[in-house]
Amino acid sequence: MESCILEAEEMIPELNPIELERCRRQMMLPDFTLEHQKRLKASTALIAGIGGLGGTAAVYLAVAGIGKMIFAHYGNLTISNMNRQILMKHDWIGKSRVAQGKKTIEEINPDVEVEIYDERIAEVNIDKLLNDAQIALSARPNFQERRILNNACIRLGIPMTEAAMNGMEGYLFNIIPGITPCLNCIYPEDNPEWEERAFPVLGAVSGMLGCLMAIEAIKILTGYREPMLNRLLYFDTGRMEFKEFKTYKRDDCIICKRLPFSKHQTQILSGLYDYSC
Ligand SMILES: [Zn+2]
């Protein structure tokens, strides 16, 4: 345990005076310390999809002072994206989403490093995308890419925040390898309701869910407060109802059963939670 903590502490950088002033108000949160802020600065997040969900999460991770984000999202911006994708600008229509996403984040907080890939999440690129990441935010609108991300995160021992929405509804849960159920435990079969298509979106709903993703990611990365574990949050903003469901690992899950802790996960979570190391 001690060696794990030392390894994690060595990764923590100093903050420059502008960063300290930018995060001054969040460091007024009860028990939110400079140590938490430095952990965030030392962190890299893969944002798998920078649309209404992932793009909003990226904005709040940037203003909170995350060190680095990796954006993966294939394709060019369309005008029909603009009711929800707050990283985007009207004059960028027809051009690469990830390029505009990087530009916007750098304008918001120049201390955040952004690496971009105009690519879908695929078996051939997932190890590259997760190479530096301590967390993945799953915000792609199809099960195929979510499963590839889930399976790789489990294999590499990287936590993942999973969220999806449709119309006025959405769900959110965290996947901590070896601790919580994985995506395959909860959805062993693809849900046709969530397949990639022109599904209805109210931008404020995807934005709210993106904010929740950012909160969970910050908690997981810093050890501040308690991330949602073994629970799934479901909401229907049409009725403004929020419900919570307990989630369970499947004994026969082919993805996460008999999962060993990896060195990567040990580095990330060491010293943050009792359940690590
Ligand atoms: Zn599983």
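Trainee: What does the protein average in pLDDT?

Mentor: The average is 89, and 87% of the residues score at least 70; pLDDT is the predictor's confidence in each residue, from 0 to 100.

Trainee: And where is pLDDT under 50?

Mentor: One such stretch is residues 270-277. Where pLDDT is low, the predicted coordinates should not be read in detail.

Trainee: OK, on to the sheet. What is the strand order?

Mentor: The sheet is open, with eight strands in the order β3-β2-β1-β4-β5-β6-β7-β8 and mixed pairing. Strands (E, at least two residues) and helices (H or I, at least four) are DSSP runs numbered from the N terminus, and two strands pair if DSSP finds at least two bridges between them.

Trainee: Which strands stand at the edges?

Mentor: β3 (113-117) and β8 (241-246); each has a single partner strand, so one side of each is left without a neighbour in the sheet.

Trainee: What does α9 touch on the sheet?

Mentor: α9 packs against β1 (44-48), β4, β5 and β6 (169-175), and its direction makes about 170° with that of β5. Contact here means C-beta atoms, placed from the backbone, within 7 Å. Axes are lines fitted to C-alpha atoms, for helices over the stretch in contact, and angles run from 0 to 180 degrees between N-to-C directions.

Trainee: Switching to helix pairs: how do α4 and α9 cross?

Mentor: The axes of α4 (residues 52-64) and α9 (residues 203-222) come within 7 Å and cross at roughly 45°. The two are therefore oblique to each other: under 35 degrees counts as roughly parallel, over 145 as roughly antiparallel, 65 to 115 as roughly perpendicular and the rest as oblique.

Trainee: Which residues meet there?

Mentor: Among them are Gly52, Leu53 and Ala64 in α4, and Gly203, Met213 and Ile218 in α9.

Trainee: And how do α4 and α5 compare with those angle classes?

Mentor: The axes of α4 and α5 come within 10 Å and cross at roughly 30°, which makes α4 roughly parallel to α5. Gly55, Ala58, Val59, Ala62 and Val63 of α4 make the contact with Gly101, Ile105 and Ile108 of α5.

Notes. Residues are numbered from 1 along each chain as its sequence is written. This is a predicted model: local features need pLDDT of at least 70, side-chain atom pairs count only at pLDDT 80 or more; totals for chains, interfaces and linings use all residues. Two residues are in contact if their C-beta atoms, placed from the backbone, lie within 7 Å.
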